[in-house]
Amino acid sequence: MPPRISVVVPTLNSAQTLDMTLMSLRLQIGCEAMIRVVDGGSTDGTLEICKRWQVPAIYTPPGNMYRAINDGLNSCGTPWLMYLNSDDYLYPKSLARLLSAGDSQDANIVYGVCDYMDSEGRFLHSFTPAPPVHLLGLFRCNVLGFSQPAAIFRKEVFTSLDGFDDKFDLGSDADFYLRALVKGCSFARLLGPSVAVFRLRQDQLSSARTTDLAAQMRLSVSRSLSRAGLDDRLKLALLRARNFPQYFIRILRRRCLGDRRFVPRTMDSDVT
């Protein structure tokens with residue numbers, strides 16, 4: 001029997017993109033994704049899409065995405081968990097690769113390379129994450145060193161941390177992984193082909209409220225860590241240098257696509 005992982009997908013009027021997300025999970029190779037949608041009361045056909053893919057959907061009151069994610073993940077029984085936004089998707093072998101890395105390295109949390117696309121699904125650039133030993137230093141610089149859609153975590157970690165802190169409406173991802181680091185959870189990085197795709201949209205909360213997101217992240221960091229030092233800033237410089245070619249790819253892709261609109265600075269720090 002192939003390994004299993006539970007994947008929670010929060011939705012609210014997500015019919016435009018949900019098919020791609022669910023299809024990517026159903027077509028995973030070498031791993032079975034146990035999919036559960038937590039819906040905030042969609043009226044646009046989202047629930048019909050869930051029925052078509054035979055994915056169970058549970059209602060959760062709207063207002064806080066992380067509360068919905070917690071509701072979904074708390075009822076999952078597999079050893080590994082993740083959540084995936086309803087406009088993101090995974091490549092076919094991603095979950096099997098992430099699970100294999102987690103088991104072989106005895107890690108609690110595993111993350112990989114992430115691609116970014118525009119609102120129409122066109123490739124923009126990739127992001128290669130930082131090594132685990134650099135993550136705390138990057139947090140002191142208010143930077144999450146990997147992308148949320150490319151990460152999985154063990155059920156026991158989620159339980160021990162009491163899930164995502166729903167006091168944050170934007171930065172709970174970063175807060176969750178920071179608390180895991182401070183608690184001593186082991187992280188593993190999976191290099192090689194990208195595992196996930198993150199869709200960038202102008203109407204994203206993390207794009208429209210970048211100041212609020214940065215403030216929430218600083219608050220989370222200040223509760224656990226000291227201020228950034230020279231060594232921490234060096235780690236940030238190394239992360240940016242590692243991804244430096246992608247800055248040019250992003251610029252070229254935007255020119256090719258004729259896109260003059262604002263694109264979040266995904267390689268700089270805090271768009272997760």
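Predicted model: local features only at pLDDT ≥ 70, side-chain atom pairs only at ≥ 80, totals over all residues.
## Thr46 and its surroundings

Thr46 belongs to helix 2, which spans residues 46-52, and with a relative accessible area of 0% this threonine is buried. When neighbours within four places in sequence are left aside, the residues in contact with Thr46 are Thr11, Asn13, Ser14, Ala15, Leu18 and Asp39.

Two of these contacts can be described at the level of polar atoms. A polar atom of the Thr46 side chain lies 2.8 Å from the backbone nitrogen of Ser14, and the backbone nitrogen of Ala15 lies 3.2 Å from a polar atom of the side chain of Thr46.

## Aromatic pairs

Across the whole structure, a search finds 16 aromatic pairs. One of them joins Tyr89 and Tyr91, whose ring centres are 6.2 Å apart and whose planes meet at 85°, so the pair is edge-to-face. Tyr89 has a relative accessible area of 17% and is therefore buried, the limit being under 20%, whereas Tyr91, at 27%, is partly exposed.

Phe158 and Phe164 form a tilted pair, with 6.3 Å from centre to centre and 55° between the planes. Phe158 is buried at a relative accessible area of 1%, and Phe164 likewise counts as buried, with 2% relative accessibility.

Technical notes
Residues numbered from 1 in each chain as written. Heavy atoms only, no water. Helix = DSSP H or I, 4+ residues; strand = E, 2+ residues; numbered from the N terminus. Buried < 20%, exposed > 50% of the residue type's maximum accessible area, 1.4 Å probe, protein only. Polar contact = N/O pair within 3.5 Å; in protein donor to acceptor, adjacent residues only side chain to side chain. Contact = heavy atoms within 4.5 Å. Phe/Tyr/Trp six-rings, centres within 6.5 Å; stacked < 30°, edge-to-face > 60°.
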